Amino acid sequence: MINISLSDIQTARKRIQPFIKKTSLRKSDFFSKKIGKDVFLKWETEQEIKSFKMRGALNKVFSLKAEEKQRGLIAASAGNHAQGVSLAAHYSKVNARVVMMETASKVKIEAAKHYGAEITLKGKTFDDSYAYARSIQKDSIFIHPFADSLIVAGQGTLALEILEEEPDITSCVFAIGGGGLISGNSFVIKHFKPECKVYGVVWEGTPGFCKSYHDVHKSCVCGNVGSVNKPFKSGLTDGIAVKQLKLEMLDFCKPYVDDIVCVTEEEISKTIFDTLEHEKQVVEGSGVASLAAILKNKDKWDLGKKPCAIISGGNIDKSVLVDTLKKYSGELRK
């Protein structure tokens with residue numbers, strides 16, 4: 001069960017502040033003109049691991065007792081959580097083992113190895129990797145990528161930065177995989193500024209969080225979803241391709257979230273291209289899903305005058321980036 005308070009998030013901020021960056025929050029001229037509002041982008045790509053995930057991982061690992069740390073850490077990850085756990089273990093001088101998908105992004109695998117974690121590739125999906133990690137856990141401390149109050153509190157430090165720097169922000173949009181990012185941050189936003197809208201976005205191939213939010217059904221395994229006729233795959237959307245919904249995450253954040261929608265791979269890949277061309281920033285699919293959702297729902301959502309998209313990660317494989325550039329190369333010649 002997720003249970004956090006504002007003091008938990010403030011404590012998390014003090015705990016991790018020496019190790020994270022207060023990332024930039026900048027208005028985008030291009031995307032502002034595109035939708036007719038002042039669109040702000042929160043660049044978590046500036047973190048050391050190019051992802052927000054280190055916030056939660058550092059808070060969790062730094063909270064462990066010395067005896068727990070010495071037992072070693074184990075985690076399952078699509079990629080960015082692996083880097084966060086590996087970095088936290090490096091700072092704490094403890095051993096960490098991370099199970100990742102066999103199809104995990106090469107750039108994420110190498111980054112996690114760089115910080116010293118032992119990497120095991122197992123399973124076709126995150127959920128397969130998670131099950132295997134649990135099966136070999138033994139006495140190690142499991143660092144869950146999202147279903148942990150300390151992880152959620154760490155991620156919530158992001159919203160504190162947004163509201164301090166731009167208190168007039170009118171809406172915030174977060175990508176959803178397991179729900180850790182939107183849970184901690186929606187809690188903070190609604191505490192300080194209840195009128196600020198909070199929106200979430202999932203990839204259409206794993207729409208469980210979205211479907212259950214809208215009460216289509218309360219529990220589901222959402223890979224290979226027949227309703228969207230999409231095979232499960234990683235690469236472009238690996239950071240948010242979580243099949244198995246954990247209801248505790250939905251139960252916690254639902255009171256603070258105003259809507260959740262799905263986006264397609266086409267919408268994500270086009271936004272990757274536009275962000276590279278106009279913002280001169282390299283982003284991964286899950287990292288830019290929030291912005292894709294704003295573009296898609298600009299006439300549906302109550303975004304207000306100053307919407308904010310959290311650009312949550314920038315660890316994209318070269319092959320995926322090259323394919324995306326090739327896809328839209330005609331636009332580059334216009």
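Mentor: Gladly; we will take the words one by one and set each against its definition.

Mentor: This is a predicted model, in which local features need pLDDT of at least 70 and side-chain atom pairs count only at pLDDT 80 or more, while totals for chains, interfaces and linings use all residues. Residues are numbered from 1 along each chain as its sequence is written, and side-chain values use heavy atoms, with hydrogens and water left out.

Trainee: Why is Gly154 called buried?

Mentor: Buried means under 20% relative accessible area, exposed means over 50%, and partly exposed is in between, with a 1.4 Å probe and protein chains only. Gly154 has a relative accessible area of 0%, so Gly154 is buried. Its place is in helix H8, residues 149-155; helices (H or I, at least four residues) and strands (E, at least two) are DSSP runs, numbered from the N terminus.

Trainee: Which residues is Gly154 in contact with, leaving aside its neighbours within four places in sequence?

Mentor: They are Ala12, Ile16, Arg55, Gly56 and Asn59, where contact means heavy atoms within 4.5 Å. There is also a distance to look at: the C-alpha atoms of Gly154 and Gly184 are separated by 7.5 Å, although the two are 30 residues apart along the chain.

Trainee: Now the loop between H7 and E6. What makes Gln137 buried or exposed?

Mentor: Gln137 has 17% relative accessibility, so it counts as buried. Its loop runs between helix H7 (126-135) and strand E6 (141-142). Not counting residues up to four places away in sequence, Gln137 touches Ile74 and Phe142.

Trainee: And what about Lys138, buried or exposed?

Mentor: Lys138 is found in that loop between H7 and E6, and its relative accessibility is 78%, so Lys138 counts as exposed. Its phi is near 55°, a positive value in a residue other than glycine. Lys93, in the loop between H5 and strand E4 (96-100), has a phi near 60°, again a positive value in a non-glycine residue. At 74% relative accessibility, Lys93 counts as exposed.

Trainee: What does the span rule give for H14?

Mentor: With 12 residues, H14 should span 16 Å, and its end C-alpha atoms are 15 Å apart, so the two agree. H14 is also mostly covered, with 11 of its 12 residues buried; among them are Gly285, Val288 and Leu295.

Trainee: What makes a group of residues a nonpolar core?

Mentor: It is a set of buried Ala, Val, Leu, Ile, Met, Phe, Trp, Tyr and Cys residues joined through side-chain atoms within 4.5 Å. The largest one here has 80 residues, of which Leu73, Ile143 and Phe209 touch the most other members. A second, separate core of 32 residues includes Tyr199, Val288, Ala292 and Leu321.

Trainee: Which residues are the closest to the centre of the largest cavity?

Mentor: Of its 29 lining residues, those are Phe52, Lys53, Gly177, Gly239 and Ile240. H10 gives the most to this lining, with 3 residues.

Trainee: How does that lining divide by class?

Mentor: It has 11 nonpolar, 15 polar and 3 charged residues. Ala, Val, Leu, Ile, Met, Phe, Trp, Tyr, Cys and Pro count as nonpolar, Asp, Glu, Lys and Arg as charged, and the others, Gly among them, as polar.

Terms used
On a 1 Å grid over the protein atoms alone, a cavity is a set of points where a 1.4 Å probe fits but cannot get out, and a pocket is an open set with protein on both sides within 12 Å along at least five of seven lines; lining residues have an atom within 4 Å of a point. The expected span of a helix is 1.5 Å times one less than its number of residues.
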